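The structure comes first, then the notes.

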Amino acid sequence: MEQQIITIPGSDWQQDHGAAKADYLSALEAGKVLYFPQLAFTLAEDERRFLTPDIRDPKSRNISLNADRSLKGAQADAVTQAALAAMIARFRGQATGLINTLAPRYAKHVRLAPTSFRPSQVEGRAQSWRADDRRLHVDAFPSRPNYGERILRVFANIHPQGQPRVWRVGEPFEAIAERFLPRTKAYSRWQAQLLRTLHVTKSLRSEYDHLMLQIHDGMKADADYQRDAPQVTMPFAAGSVWICFSDQTAHAVMSGQFMIEQTLHLPAAQQYDQQSHPLAILQRLTGRSLS
Ligand code: SIN
Ligand code: FE
């Protein structure tokens with residue numbers, strides 16, 4: 001398998017990558033992971049107290065800072081929560097700055113999703129197979145149809161004792177689609193309308209969203225695929241950052257603790273390459289318009 005992880009030197013969030021930038025962008029849009037081993041999200045001395053799983057409300061999976069700066073999922077007094085929100089907001093600023101510098105064309109068009117802080121250990125999280133991110137998958141969300149809008153994510157490992165966050169990264173999206181499309185159930189518009197009426201989905205699930213969910217589920221449910229698919233195991237070091245389009249890059253998180261992450265949504269039409277995104281690939285393979 002072609003190399004799926006591109007390592008980029010530099011410790012500056014606003015670094016000018018010069019002539020290499022075009023290559024990085026085409027790798028990113030081809031579904032590869034851009035890995036910045038020397039780029040660290042640094043905590044102030046006083047913020048190290050947030051590096052404990054106890055800061056998370058056990059009823060929530062993650063701590064998240066919404067676009068309106070409200071904090072969800074934390075368990076602490078108001079002053080502590082405000083300081084935690086400020087730390088997460090600082091990461092949001094650095095992560096969006098990184099994307100704006102690397103991909104200026106995206107800057108005007110990205111829509112911020114909540115910023116998420118995950119202080120819990122990945123291993124030992126009991127989950128249904130469908131929710132289990134330790135299985136290789138591409139991101140697709142059952143309740144939020146996106147019609148081909150991209151899911152771009154910036155991850156930072158902020159483990160204080162050097163524990164890596166270990167991922168598996170799988171084969172290119174086109175190969176995945178070729179493998180799983182023949183097994184997908186046909187799209188049904190009336191079923192999509194029913195799901196919307198029942199508020200299972202927030203808007204009408206398009207054929208694109210239907211296929212992406214089927215591919216997500218198909219990958220996770222297939223134990224042989226999980227074991228035998230082309231893949232690399234990648235330990236993302238403590239004090240590093242990595243970026244990928246997680247609706248395209250096959251990924252699984254195997255171990256680690258203390259990660260902070262920013263999701264950005266980008267209209268597929270604003271990409272540099274109009275042939276490489278999942279909507280284009282699925283439309284090419286099915287011969288139909290899907291959104
Ligand atoms: C995921 O998107 O599957 C989770 C990634 C992580 O927690 O590192
Ligand atoms: Fe995922």
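The iron ion (ligand 2) has His137 (NE2), Asp139 (OD) and His251 (NE2) as its protein donors, at 2.1 to 2.2 Å. Donors are N, O and S atoms within 2.8 Å of the metal (3.2 Å for Na, K and Ca); water is not among the atoms, so sites may look incomplete. This is a predicted model, in which local features need pLDDT of at least 70 and side-chain atom pairs pLDDT 80 or more, while totals for chains, interfaces and linings use all residues. Residues are numbered from 1 along each chain as its sequence is written, chains are lettered from A and ligands numbered from 1 in the order written, and side-chain values use heavy atoms, leaving out hydrogens and water.

**Iron site**
- Along the chain, the donors of the iron ion (ligand 2) show the spacing H-x1-D-x111-H.
- His137 and Asp139 are both buried (under 20% relative accessible area, with exposed over 50% and partly exposed in between; 1.4 Å probe, protein chains only).

**Helix H1**
- Helix H1 spans residues 21-29, and its buried residues are Tyr24, Leu25, Ala27, Leu28 and Glu29; helices (H or I, at least four residues) and strands (E, at least two) are DSSP runs numbered from the N terminus.
- These buried residues pack against several elements, including strand S1 (5-7), helix H2 (78-102) and strand S6 (150-157), where contact means heavy atoms within 4.5 Å.

**Helix contacts of H6**
- Helix H6 (residues 207-221) packs on helix H8 (residues 278-286) at about 95°, the axes being 11 Å apart; axes are lines fitted to C-alpha atoms, for helices over the stretch in contact, and angles run from 0 to 180 degrees between N-to-C directions.
- H6 and H8 are therefore roughly perpendicular (65 to 115 degrees; under 35 is roughly parallel, over 145 roughly antiparallel, and the rest oblique).
- Tyr208, Leu211, Met212 and Ile215 of H6 make this contact with Pro278, Leu279, Leu282 and Thr286 of H8.
- Helix H4 (residues 173-180) packs on H6 at about 85°, with axes 10 Å apart, which makes H4 roughly perpendicular to H6.
- Here Phe173, Ile176, Ala177 and Phe180 of H4 meet Met212, Ile215, Gly218 and Met219 of H6.

**Three-stranded sheet**
- An open sheet runs in the order S8-S7-S10 with antiparallel pairing; two strands pair if DSSP finds at least two bridges between them.
- Strand S8 (231-236) and strand S10 (251-255) are the edges, each with a single partner strand, so one side of each has no neighbour in the sheet.
- Strand S7 (residues 165-170) is joined to S8 by six bridges, and Val169 has Val232 in S8 as its bridge partner.
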